[in-house]
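Here is my note on the model, point by point. Please keep the coordinates open while reading.

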Amino acid sequence: MSYVRACAVDEVPQNGAIAVDIEGTPVAVARDGRDFYAIYDECSHAAIPLSEGDYEGTEIECWLHGSRFDMRTGKPIGPPATEAVPIYPVKLEGGDVLVDVKSPY
């Protein structure tokens with residue numbers, strides 16, 4: 001695997017998400033308590049950054065049309081989106097969040 005530093009742990013708000021660029025790939029890094037997730041930062045329905053939407057638990061919602069995605073699988077769980085978006089492996093190292101954009105799920 002090819003993990004790259006995405007951000008500091010402290011940059012990701014509790015129960016929130018931030019946008020990062022990893023080697024030209026837009027990624028939303030989200031945090032649910034002690035768990036971190038990384039998902040391609042573009043809604044599969046309308047090409048809107050998911051990081052700008054609402055985040056709760058393991059779900060992120062596109063602000064434009066309300067499509068919701070499961071951060072653990074990338075699958076849509078609320079219309080109008082019907083296509084999944086890639087998710088990426090995440091690990092913590094020291095105070096950093098590392099993401100592997102070369103090995104999407």
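1. Contact here means heavy atoms within 4.5 Å. On that basis, and leaving out residues up to four places away in sequence, Y55 touches N15, G16, A30, R31, D32, Y37, I60 and M71. This is a predicted model: local features need pLDDT of at least 70, side-chain atom pairs count only at pLDDT 80 or more, and totals for chains, interfaces and linings use all residues. Residues are numbered from 1 along each chain as its sequence is written, and side-chain values use heavy atoms, with hydrogens and water left out.

2. Cores. A nonpolar core is a set of buried Ala, Val, Leu, Ile, Met, Phe, Trp, Tyr and Cys residues joined through side-chain atoms within 4.5 Å. Buried means under 20% relative accessible area, exposed over 50%, and partly exposed in between (1.4 Å probe, protein chains only). The largest nonpolar core has 16 residues. Y55 is among those with the most contacts inside it, along with I39, L50, I60, F69 and M71. β3 (25-32) and β4 (35-40) each supply at least two residues of this core. A second, separate core has 15 residues, including A6, I22, F36 and V99. As background, nonpolar side chains tend to be buried together in soluble globular proteins.

3. The open sheet. Strands (E, at least two residues) and helices (H or I, at least four) are DSSP runs, numbered from the N terminus. Two strands pair if DSSP finds at least two bridges between them. Three strands form an open sheet in the order β1-β11-β10, with antiparallel pairing. Four bridges join β1 to β11. C7 stands opposite V97 in β11.

4. β2 and β3 pair in the antiparallel sense over seven bridges. D21 has P26 in β3 as its bridge partner. Strand β2 (residues 16-22) is mostly covered, with five of its seven residues buried. The hairpin has two residues between the strands. There, E23 takes a positive phi near 50 degrees. T25 lies in strand β3. T25 is buried, at a relative accessible area of 17%. Beyond its neighbours within four places in sequence, T25 is in contact with V20, Y40, Y88 and V101.

5. Most residues other than glycine have a negative phi, and most peptide bonds are trans. E23 is one case of a positive phi in a residue other than glycine. A47 is another non-glycine residue with a positive phi, near 55 degrees. A47 is found in the loop between β4 and β5 (54-56), and it counts as partly exposed at 46% relative accessibility. A cis peptide bond joins P79 and P80, with omega about 15 degrees. P80 sits in the loop between β8 (76-78) and β9 (87-88).

6. S67. Is S67 buried or exposed? S67 is buried, with a relative accessible area of 1%. S67 lies in the loop between β6 (59-61) and β7 (68-70). Beyond four places in sequence, S67 touches C43, H45, I60, E61, C62, G78, P79, P80 and A81. A polar atom of the S67 side chain lies 3.0 Å from the backbone nitrogen of A81.

7. S103. S103 is in the segment after β11 (96-99). S103 counts as partly exposed, at 25% relative accessibility. Its side chain makes a polar contact with the side chain of D100 (2.9 Å). A polar contact is a pair of N or O atoms within 3.5 Å; within protein, one must be able to donate a hydrogen and the other to accept it, and residues adjacent in sequence count only if both atoms are side-chain atoms. Not counting residues up to four places away in sequence, S103 touches M1 and P89.
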